[in-house]
Each structure stands twice: as structure tokens, then as C-alpha cells.
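Dear colleague,

Please look it over before you read on.

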Amino acid sequence: MQEKIERLSKWFSGDKQLPFSLDINPTDSCNLHCLSCWLRNKKFKNLDSKAYELSDKKLLQLIDEAIELGIREFEISGGGEPLSREVTFELMKKIKNSKAKGSITTNGTFFTEDTIKKLVEIGWDRIIFSIDGGNSDINNYLRGKSFDKIVEDIKKFNEYKKDKPELSFNTVISNKNYNRLKGIVRLSAELGVGSIKFESLTIHSKIGKKLELNRKQIEELQQNISEIDNLSKELNVKTNILDFMEKEGKKNDFSNIVCYEPWYHLVIKTDGSVGPCCLSDDKAINVRDMSLKDIWFGSYFENLRENILKGDFPRYCSICNVGQVSQNKLIRQELKK
């Protein structure tokens, strides 16, 4: 965090900096059918991710390019399920060979005992398991049959690891689990999972729309947030649940702007398009045509930064989630120091 804040401070002083972190999505294919996923939208029914995925060679080349550019943190995510592509394990190895920090978000269904051992051996930093329920009934309804496998994986990681990788949960709050979040906190403590990032529901489809909380359910969640937070502290599980109570103002001073991602963060989507965050859906620039350095210091990102400073946000900012708001709040606090 300290180096990230230092780089952002230099931006504030007019000294343009290289990106600090990179998200890369290897695939949009997935073996599960999570109800809240963007893939449930009917227009993606016949989507063939393999038709536009970057090649193994290109993905490995991009990791090398990012390392040379000074990237310190990598997040492998999706899209789809990143571990459904074999090259993902090679990407993870390359990242750790560079001494950078690596995190992956996964549904947990592709781990084997052998890959778990290897990830412990290379010192992979963090595994984020997507899980939406404290028991198999809730989780498997929302995400598919992954609960038992996730529990099995976590026990195996705990069997082989000393400190790394850090294990975490990612939970989307819907009308099927909003009143059972304590169960996820208890499961986390029981399995030795140190943190939970709760995410607000982004509606991508008619199926997702049916999971939306109504006014009464939102009020009920608000009333229970303090209890969830107290239980988390009691069980020594870090969560961002309090951020669901807070609202951010929009000011144009650099130490108060809503989003800092275009000043430190790059996301490479499955098709090679590049943006500042996971919600970006702009196809204007692509790693097939430009280097990461040229993209970062090019007109697209320059215009994006200028517009955000003026309070003029891209359309995808309207669906920003609590996880990203939490990260930007933390950065804002550190910058003010």
C-alpha cells in the first residue's frame, strides 16, 4: 500500500507514474452457472470465449511486459473461471518468480491436491473463493455445486501452507442470503479464512433482477450490519460490511476524488481490451495493437483522468460496487495523511 500511495502522491505533484497493479482475465468460460453472473444474460447464451481469448503466448508475454513496467500487484480474475485455462498456473508461477504480489479469484472447482501444493511452494499470496452461502443449500442455489469443493480446497491449503496463500471469501449480497451473512462469517472463522469482501449485486440479466433486494430487505440488512460487524470482530474475520452503511460524496480535489483507479490500475479483459477497472466495458484500446506503456500514457487514459477530476464519469461508474468503493476510501484516507 505504501508504494501505491507514494506513486499517487507523485501524480498529485505532476510527476506521471507507471501503473502499480494489473488485473488480467484469461477467459470468459465457466463451468458453473452463478445466477448473478453477467453470463446469465440471454445475449451471451451462445458465447464462445475461445473465439476471442488471447493466446497462451500473448498472456505470458503480457505478464513479462507488466513486470518490466513496474507492476507490483497482479489479480487474476474473470470474466469466467480463470483456472479453467491451464496457462493460468503458468501465469501465477511467472508472477511469483518476479517477486510481485499475486491474487486470484476463483470458484475453487479446478484445484487438485498437486496444484494446491505447488501454489504453496511458489508462495502465491492470496486465493479469493467466490461463495454466497454459509452452507451448501444457499451457496449451491446461487452459484452451482461448489460449496463442498471449496471447503475441501481450503482444508487442503491449511494442511500444506504456513502463512501463504492468504485465504479469503468474495460474497455477492442478494435477497437469498442478505439475512444469513452471519453464517458466512462463522464458516470463515471455522475454516481459518481471514477475510470476506461483501459485494453489492450488479444486475446483468432477468435472472439477476430476481435476486435484487427490495426496500424492506435493504432496511433489514441495514439494521443487521452492526451485529454482523460485531460477530466478525469477535471471530477475528475482517470484512467490509460497514461500507454498506456509508455514502461517498463526489469532490474534485485529488485527495477527495471518488476513484483513483485510472492513476494506478490496469485491467486486461479476455478479448485484450483495456480499462481502469473490472466494470469497464469500453473496447477503444487493445493490447493486440498497443503496448501497456503506450496505453497507460496514451490519450484514452489521459482523457479519462481529466474527466474524472472534473466529475465527469464514464457510464460504467454508475454500477460501481462496494468493494471498489472500499478500496478507494482506504486510498483517500492514506493520501490525506
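This is a predicted model: local features need pLDDT of at least 70, side-chain atom pairs count only at pLDDT 80 or more; totals for chains, interfaces and linings use all residues.

Residues are numbered from 1 along each chain as its sequence is written, and side-chain values use heavy atoms, with hydrogens and water left out.

A search of the whole structure finds zero disulfides, a disulfide being a pair of cysteine sulfur atoms within 2.5 Å. The closest cysteine sulfur to that of Cys37 belongs to Cys34 and lies 6.2 Å away, too far for a bond, and for Cys277 the nearest, in Cys278, is 5.5 Å away. Cys277 is buried at 8% relative accessible area (buried means under 20%, exposed over 50%, partly exposed in between, with a 1.4 Å probe and protein chains only).

The count of salt bridges comes to 22, each being a side-chain nitrogen of Lys or Arg within 4 Å of a carboxyl oxygen of Asp or Glu. One of them joins Asp125 to Lys164, with the closest N and O atoms 3.0 Å apart. Asp125 lies in the loop between α4 and β4, and Lys164 in the loop between α6 and β5, so this pair ties together parts that are 39 residues apart in sequence. Asp125 is buried, at 8%, whereas Lys164 is partly exposed, at 35%.

Another salt bridge pairs Asp153 with Lys149 at 2.7 Å, N to O; Asp153 is buried, at 2%.

Best regards

Terms used:
Helices (H or I, at least four residues) and strands (E, at least two) are DSSP runs, numbered from the N terminus.
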